[in-house]
Amino acid sequence: NTESINILDLIVQCKITDSKSQAKRLVQQSAVSINNEKITDWSKQIQLGEITVIRCGRHVYQVKYVPK
C-alpha cells in the first residue's frame, strides 16, 4: 500500500505556498506539474514516494518525499 496526499496539502507541506487557497489558485492556473505531468485537478491525490520534482510556475523544487 502506497500512501497518498492531496496536491494542495503537498504544496503547503513543501512550503511552496503559505495556504491551500494559494495552492489551489496555482493548480487552477495550470502552473503546477509533478515529474513533468501537468496537474489541473486540485482534488488529485498524489502517491508518496514517487515524487522527485515539483514545478510551480517558473520555480522548480527538487523533492524527495519520504512518508512519515
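Ser 33 lies in strand 2, which covers residues 32–34. This model is predicted. Ser 33 is buried, because its relative accessible area is 10%, below the 20% cut-off for that class. Which residues is Ser 33 in contact with, leaving aside its neighbours within four places in sequence? They are Lys 38, Ile 39, Val 53, Ile 54 and Arg 55.

## The chain as a whole

The chain has 2 helices and 6 strands. Read along the sequence, these elements come in the pattern β-α-α-β-β-β-β-β. Of the contacts with a separation of 6 or more, 42% are between residues 24 or more positions apart.

The chain has 68 residues, and buried residues make up 32% of them. Its accessible surface comes to about 4,700 Å². Carbon and sulfur atoms account for 44% of that surface.

## Confidence in the model

The mean pLDDT of the chain is 84, and 85% of the residues reach 70 or more. Which element has the lowest mean pLDDT, and which the highest? Strand 6 (residues 59–62) has the lowest, at 76, and helix 2 (residues 20–28) has the highest, at 94.

Asn 35 is found in the loop between strand 2 and strand 3, the latter being residues 37–39. Asn 36 is placed in the loop between strand 2 and strand 3 as well. Is Asn 36 buried or exposed? Asn 36 is exposed, with a relative accessible area of 71%. Asn 35 has a relative accessibility of 34%, so it counts as partly exposed.

The backbone angles of these two residues also deserve a note. Most residues other than glycine have a negative phi. Asn 35 is not a glycine, yet its phi is positive, at about 50 degrees. Asn 36 is not a glycine either, and its phi is positive, at about 65 degrees.

## Salt bridges

How many salt bridges does a search of the whole structure find? The search finds 2. In one of them, the side chains of Asp 9 and Lys 20 meet, with an N to O distance of 2.7 Å. This pair links distant parts of the chain: Asp 9 is in helix 1 (residues 7–13) and Lys 20 is in helix 2, 11 residues apart. Asp 9 is partly exposed, at 24% relative accessibility, and Lys 20 is partly exposed, at 46%.

Glu 37 forms a salt bridge with Lys 44. The closest N and O atoms of this pair are 3.9 Å apart, which falls within the 4 Å cut-off, so the pair counts as a salt bridge. Glu 37 has a relative accessibility of 43% and counts as partly exposed. Lys 44 is partly exposed, with a relative accessible area of 30%.

How many disulfides does the count come to? The count comes to 0. A disulfide needs the two sulfur atoms to be within 2.5 Å. Cys 56 is likewise in no disulfide, and its nearest cysteine sulfur is that of Cys 14.

The two cysteines can also be described by their accessibility. Cys 14 is partly exposed, with a relative accessible area of 25%, whereas Cys 56 is buried, with a relative accessible area of 6%.

Methods
Residues numbered from 1 in each chain as written. Predicted model: local features only at pLDDT ≥ 70, side-chain atom pairs only at ≥ 80, totals over all residues. Heavy atoms only, no water. Helix = DSSP H or I, 4+ residues; strand = E, 2+ residues; numbered from the N terminus. Buried < 20%, exposed > 50% of the residue type's maximum accessible area, 1.4 Å probe, protein only. Contact = heavy atoms within 4.5 Å. Areas by Shrake-Rupley, 256 points an atom, 1.4 Å probe, with all protein chains shown as cover. pLDDT = per-residue confidence, 0-100.
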